[in-house]
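Let's learn to read a protein model together, one feature at a time. Have the sequence and the 3D view ready.

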Amino acid sequence: MEHTRLGGTGLKVSRICLGMMSYGDPEQRKWFLGEVEAEPIVRQAVDEGITFFDTADMYSLGRSEEITGRLLPKFFQSRDDYVLATKVYFPMGDGPNDQGLSRKHVMASIDASLRRLGTDHVDLYQIHRWDYDTPVEETMEALHDVVKAGKARYIGASSMYAWQFAKAQRAAEVGGWTKFVSMQNHYNLVYREEEREMLPLCVDQGVGAIPWSPLARGLLAGNRERGGERRTVRSENDTYADALYEEADFDVVDVVKAVAGERGVPPAQVALAWLLHKEGVVAPIIGATKLKHVEDAAAAVTLRLDEKEIERLEAPYRPHPIVGHE
């Protein structure tokens, strides 16, 4: 497994990040795995050299953090041996202050996340979305205080418009507060709108991109077919994917399958390898509910695509409406 710096920091992370959203309460979503089922998959990730793990407080309403906090210490000798990330923003209760990026919610949420994770700090604390109801200065100062309290080593952001990200970074700069070092954005072969503004901004400012849904929620791995056929439990129950992707995206999937066939590898490896070739991309965040998902992701790190293959993979792309920021 290759490791690289997270943006302009000195923090080293594996080129693949294991997303922990798939592990939680199966009663909430049919494709969630409980702790017992998740354990061999996390073990496989560690065996493959993955040291970067991402979760969020809202994943299975805290269950993902609890599972993450119990599993990782089983496979690492020291807390310093892995990089742990979580996120804050989405509702965690019914109260008016149980969501968003106010100082009140940020401070309460980091403490709650640390309790569930069973640790005294996270390495990367991320805002899950942009909060239109809270002044960005309030959020950035609160995050700075989280870092200064030793509860987070770095801070990051997730899907938003480039102007919002730039505004937050400028607010931190003016206030003398901690700036974001990473952007967890929606980016893959069938959704490349981030190439217009966000990725150039990140490259220019030394911010590391850690894309979510690098396989388009399994579309690029072949879990769905033209006409609506669904091949996995997740694809049968993941309505969010239907809002993100279109029938025309199968033109890209067809080329991915063709290149994969010529290479003698699964389509998932080709799609991830393409992403790992892109400037500014540090570590795609993969979801894994089978051992093979982890194996394919690890193999993609050493799969080198040539210029002609990259051109073929990119040629069928069609512009999309901006999605994933909500």
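Q: Which residue stands opposite G19 in strand 4?
A: Strands here are DSSP runs of E with at least two residues, helices are runs of H or I with at least four residues, and both are numbered from the N terminus. Two strands pair if DSSP finds at least two bridges between them. In this predicted model, G19 has D54 opposite in strand 4. Strand 3 (residues 17-19) and strand 4 (residues 52-54) run parallel and are joined by three bridges.

Q: What should I know about the model before going on?
A: Residues are numbered from 1 along each chain as its sequence is written, and side-chain values use heavy atoms, leaving out hydrogens and water. As the model is predicted, local features need pLDDT of at least 70 and side-chain atom pairs count only at pLDDT 80 or more, while totals for chains, interfaces and linings use all residues.

Q: What is the order of the strands in the open sheet?
A: Its eight strands follow the order 9-8-7-6-5-4-3-10, with parallel pairing. Strand 9 (208-209) and strand 10 (285-287) are at the edges; each has a single partner strand, so one side of each lacks a neighbour in the sheet.

Q: Which residues touch the most other members of the largest nonpolar core?
A: A nonpolar core is a set of buried Ala, Val, Leu, Ile, Met, Phe, Trp, Tyr and Cys residues joined through side-chain atoms within 4.5 Å. Buried means under 20% relative accessible area, exposed over 50%, and partly exposed in between (1.4 Å probe, protein chains only). Here the largest core has 92 residues, and L18, Y23, F53, M140 and L220 touch the most other members. Helix 10 (residues 267-277) gives the largest share of this core, eight residues.

Q: Are R79 and D123 buried or exposed?
A: Both are buried. For another case, R63 and E66 form a salt bridge of 3.9 Å, N to O. R63 is partly exposed at 32% relative accessible area, and E66 is partly exposed at 27%.

Terms used:
A salt bridge is a side-chain nitrogen of Lys or Arg within 4 Å of a carboxyl oxygen of Asp or Glu.
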